[in-house]
Amino acid sequence: MLKRYFGPQIHHRVHFFVLSLFIIGVVCSKFLMSMGLLLGVLNLLLEGNFNSYYQRLRVNPLVLFILVFYGVHLLGLFWTSNLDYGLDDIRKKTSLLLIPIIVGAHSIPSPKRWTKLIHFFILTLVITASINLIAYHFFAEKLNLIDIRDMSLFGSHIRYGILMGIGLAFCLERLYQGAKYRNGFIASALFFLLYTFYSQVLSGVIAVVIVLGGLLFFVLWQRRQFIFLISSVLVLILGSTALIYYLSQPVNYPIPCVEQYDEMESAWNLRSTLNYDSLDKRKQPVASTLERYLSSKGLCANTKGVQTLTNKDIQFIETGFADVHETYGGIQARLLDIRYQLHHASNPSGHSILERIEYWKNAWAIIENHWMLGVGTGDVDDAMQEMYNKRQSPLTPERRLRAHNSYLTYYLTFGILGFLFFLFFQLKFIIQQWKWQQRVGFLFGLIALVTFLFEDTLESQMGITMFVFFYAVFSRKITSK
């Protein structure tokens, strides 16, 4: 119908606009993603070329896997007791159904248009990351940005870190292909690297390491440089071993004198408006944060030690920095925090690594009782809360969340067969990308495969859209100019 008024290419133009909404919205806007869904469906209905849609989807097994996966969620309603929750979950995951159809039902974008989409994505990441940095450095107090991970203003810092890795992959791919705007891609790649390591988001660092290591592996394998390939693998193993050893070491600083807590409390209350018996801005006891901070600087837990602190030190302690080395920023600060959590924290609440371990223990306890069929689509949250109570979990009620591991989530939801299918179509996707020599698609598949280990990516609209959009795009062999 629209062709009569706007010409024969109108539906292709609208489809490109929809793809643009997705690739920009996945970085910064739920509204743009919702608009993409609405316009994408309307465009398909108004064009009405249903036979062509069917033929394109039918010969695309990777998209069919996603559609079947959505069907598994529907099937899981048959053995769930909380049907209202299950139906709401189905509604939230509608993107799993619609985005693959919208992307896969139309023909593959031309090389010129695909290149434009890549540019849109990279440019959006550069702009939003710049806004994040400016906000954190100049407006942190006004925006109440307590922790550096609060710097992500456009959604989850974990999801944003993963997008940084994908953005880096696109930049390196364009450079490898000898595309135009070489300096721009070099600058963007360096910016993404610096931002990732500065932001201390482990998911982002892991995504970047996967991109750099995966691309190196890809290139060395193509060129049959097996000696360098083996050497690179050995370096990776040695680096991983060194990291594990580093994390295995407790964070201990020598105590230079006998602690005098009454003195320390009085001295602190004279220097800070934040009472000694209260909580810092990260909801940690000020007394504990102060003592750890003094110890990290080799100072006594007494009057003299507190008086030696600078005004900047006082601000750091009030913010929640419990170690002076954490204030230096960068990934080393995050690793130091992880070391302390692993060896010193007595309660997992408020400690992201220990919380995840507790989530996984709780999820596995459910799996042991429901390994065959799982608990069904609607009973995941109820089952998790019931098991927390049964196990008498030390987590505070507000921190008793879902598994934060997609594999465990789908295992406890759909049982062993659902888990195996979830793993199967990811591996199939990665193998297909390797066969097609689609480096970015291959790297995206690896990032998803690994980050699903510590994140419920497919439990939020932004996470679902991020995964399923790139999955659907790379479900066919594409070329770029």
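**Close-up views of a predicted model**

**View 1. Surroundings of Ser95.** Ser95 is in contact (heavy atoms within 4.5 Å) with Leu37, Pro100, Ile464, Thr465 and Val468, leaving aside residues up to four places away in sequence. Ser95 belongs to helix α7, residues 94-105; helices are DSSP runs of H or I with at least four residues, numbered from the N terminus. At a relative accessible area of 4%, Ser95 is buried, where buried means under 20%, exposed over 50% and partly exposed in between, with a 1.4 Å probe and protein chains only. The model is predicted: local features need pLDDT of at least 70, side-chain atom pairs count only at pLDDT 80 or more, and totals for chains, interfaces and linings use all residues. Residues are numbered from 1 along each chain as its sequence is written, and side-chain values use heavy atoms, with hydrogens and water left out.

**View 2. Helix α17 and the residues after it.** Helix α17 (residues 311-319) has the buried residues Asp313, Ile314, Phe316, Ile317, Glu318 and Thr319. Their cover includes α14 (261-271) and α15 (286-296). Gly320, with a positive phi near 120 degrees, follows the helix. The structure holds 43 aromatic pairs, defined by ring centres within 6.5 Å for Phe, Tyr and Trp (its six-membered ring), with planes under 30 degrees apart counted as stacked, over 60 as edge-to-face and the rest as tilted. The ring centres of Phe316 and Phe321 are 5.4 Å apart and the planes stand at 85 degrees, so this pair is edge-to-face. Phe321 is buried, at 13% relative accessible area.

**View 3. Salt bridge of Asp313 and Lys297.** The side chains of Asp313 and Lys297 form a salt bridge with an N to O distance of 2.8 Å; the term requires a side-chain nitrogen of Lys or Arg within 4 Å of a carboxyl oxygen of Asp or Glu. Asp313 is in helix α17 and Lys297 in the loop between α15 and α16 (303-308), so the pair ties together parts 16 residues apart in sequence. Asp313 is buried at 6% relative accessible area, whereas Lys297 is partly exposed at 34%.

**View 4. Salt bridge of Glu173 and Arg439.** In the salt bridge between Glu173 and Arg439, the closest N and O atoms are 2.7 Å apart. The pair links distant parts of the chain, 266 residues apart, with Glu173 in helix α10 and Arg439 in helix α22 (residues 439-451). Both Glu173 and Arg439 are buried.

Note on methods
Helix = DSSP H or I, 4+ residues; strand = E, 2+ residues; numbered from the N terminus.
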